Amino acid sequence: MIDPSSPDPFAPARLGPVTLRNRVIKAATSEGRSPDGLVTDDLIDFHRGFAEGGVGMTTVAYCCVSRQGASAPGQIVMDVKAVPGLRRLTEAVHDAGAAISAQLGHAGVVAQKKLTGVTAVAPSRFVNPTSFAYCREITRTEIDTVITQFGDAARVAVEAGFDAVELHFGHLYLPSSFLSPLINRRKDEYGGSIDNRSRLVREIARHVRDVVGDQIAVIAKLDMDDGLPGSIWIDEALRTAQLLDADATLDAIELTQGSSVYKPMYLFRGDVPVKEFAKVMPRAMRPAIRLVGKQTMGVYPYRDLYMLESARQFVPLMRNTKLILLGGITDREHLETGLREGFDFLAMGRALLREPDRVNTMIAEPASRSRCNHNNKCMVTVFGRTHCVLDPVQRYGTALAAEKIT
């Protein structure tokens, strides 16, 4: 049954200078559809599918602010070479009735030297506990360069026709790692207290806002906690959010959890696809992954709205900034719960991979249930083309899917 007291999740809503046709946002999910670092027809079809399926806005995952900021092969670098393809992408999504956002990021400690050609940077010297890769301390001059790169990337997004940018301040990528007292042991104005450790994300947000003005919306994806002992936790994350809100540089904050450094299942929850991960790893690593994969990745049971308990702590603090709820949102009742709790928008990831038309279905059939069963095998597909393994069309392509079905 629909709760008549709940705000309508499918009514138009304002996000900064943009009006979305509804309050549902397709969350960023690594796509693997840009093997040469440029937009492909495959990437366009991927996002057009969500737009045709009814979302208010879709998010293009992990667009690098520089080549040194890449976290995986085939990611789009936000420079002039990418603009023609990005413009085709934004036009396709707009033609289908949705808005589109570009997630901007710098990998920092998550970057791999074999990919970028340079040693990864961190607030302080750090060894990635998953890859055992050494990360050197970023210099003060390089910090200024990164801030500029975020602004330049946002300028490219405006030129390419995006409606918003999402600044990736989560998952222990470079900006997020500055928030971590475990990784950030600097003695200058970027280290020490949480106010100092929040300096970089505030300066990035300010610079991006100065660059884009009111042409597009500016969102930040912010960790509430990252699951790494002694690192980011909700008490200090509340302060960071409060500082960002006081600056009034952001239109919205999307609250998240977990990291790409340690126990990634803390972000996803649910089944741990150990066998599937072992298959895509080098042969020498496979026995170890099968043996200790669960301990390495973490085991966290799935439950609906699993980030809500932490995220609701942020609602009373916001004066200038809207909030986006993420995590375990699959059905209409979850959308309505989030809105009743004081959130302005709702972000969906895996449920939309399973059913790109999930929003249209929820509108037509309010009591319908998502077909996503949280097996998390879609996580492994990021090493190729991100897709739901239970969808033959996504997995095999239209022609092959017909053969498989018959």
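Let me start with G56, which is found in the loop between α1 and β4, where helices (H or I, at least four residues) and strands (E, at least two) are DSSP runs numbered from the N terminus. This is a predicted model, in which local features need pLDDT of at least 70 and side-chain atom pairs count only at pLDDT 80 or more, while totals for chains, interfaces and linings use all residues. Residues are numbered from 1 along each chain as its sequence is written, and side-chain values use heavy atoms, with hydrogens and water left out.

G56 counts as buried because its relative accessibility is 1%; buried here means under 20% relative accessible area, exposed means over 50%, and partly exposed lies in between, with a 1.4 Å probe and protein chains only. Setting aside residues up to four places away in sequence, G56 touches L20, R21, N22, V24, A98 and A99, a contact being heavy atoms within 4.5 Å. G56 and A13 are 43 residues apart in sequence, yet their C-alpha atoms are 9.0 Å apart in space.

On confidence, the protein averages a pLDDT of 93, and 96% of the residues score at least 70, pLDDT being the predictor's confidence in each residue, from 0 to 100. Over residues 399–406, however, the pLDDT is below 50, and this stretch has four contacts in the model beyond near neighbours in sequence.

Helix α1, residues 41–52, has 12 residues and reaches 16 Å from its first C-alpha to its last, close to the 16 Å expected at 1.5 Å a residue, where the expected span is 1.5 Å times one less than the number of residues. Which residues of α1 are buried? They are L43, I44, F46, H47, F50 and A51. These residues cover an arc of only 160° around the axis, which puts them on the same side of α1; the arc is that of the directions from the helix axis to the C-beta atoms. What covers the buried residues of α1 includes β3 (24–26), β4 (57–64), α2 (83–95) and α14 (350–354). After α1 comes G54, with a positive phi near 115°.

Helix α7, residues 199–212, can be described in the same terms. With 14 residues, α7 reaches 20 Å from its first C-alpha to its last, close to the 20 Å expected at 1.5 Å a residue. Its buried residues are L200, V201, I204, A205, V208, R209, V211 and V212, and, seen down the axis of α7, they fall within an arc of 165°, so they line one face of the helix. The buried residues of α7 pack against α4 (140–160), β9 (164–169), α5 (174–179), α6 (194–197), β10 (217–225) and α8 (234–247). Just after α7, G213 takes a positive phi of about 60°.

Turning to the interior, a nonpolar core is a set of buried Ala, Val, Leu, Ile, Met, Phe, Trp, Tyr and Cys residues joined through side-chain atoms within 4.5 Å. The largest such core has 122 residues, and those with the most contacts inside it are M78, L86, L104 and L167. The element that gives the most to this core is α4, with nine residues. Leaving aside neighbours within four places in sequence, L86 is in contact with V39, I76, M78, V156, A160 and F162. A second, separate core of nine residues includes V272, V274, A278 and M379.

Now the loop between β9 and α5, where H171 is found. H171 counts as buried, at 6% relative accessibility, and, not counting residues up to four places away in sequence, H171 touches V110, S176, K221, D223, T256, Q257, G258, S259, S260 and L267. L172 also has its place in the loop between β9 and α5; L172 has a positive phi of about 65° although it is not a glycine, and at 0% relative accessibility L172 counts as buried. Most residues other than glycine have a negative phi. N376, in the loop between α15 (358–364) and α16 (392–396), likewise has a positive phi of about 65° without being a glycine, and N376 counts as buried at 2% relative accessibility.

Finally, a sheet. Three strands form an open sheet in the order β6-β8-β7, with mixed pairing, two strands being paired if DSSP finds at least two bridges between them. β6 (120–122) and β7 (126–127) stand at the edges, each with a single partner strand, so one side of each is left without a neighbour in the sheet. β6 and β8, the latter residues 134–137, pair in the parallel sense over three bridges, and the bridge partner of A122 in β8 is E137.
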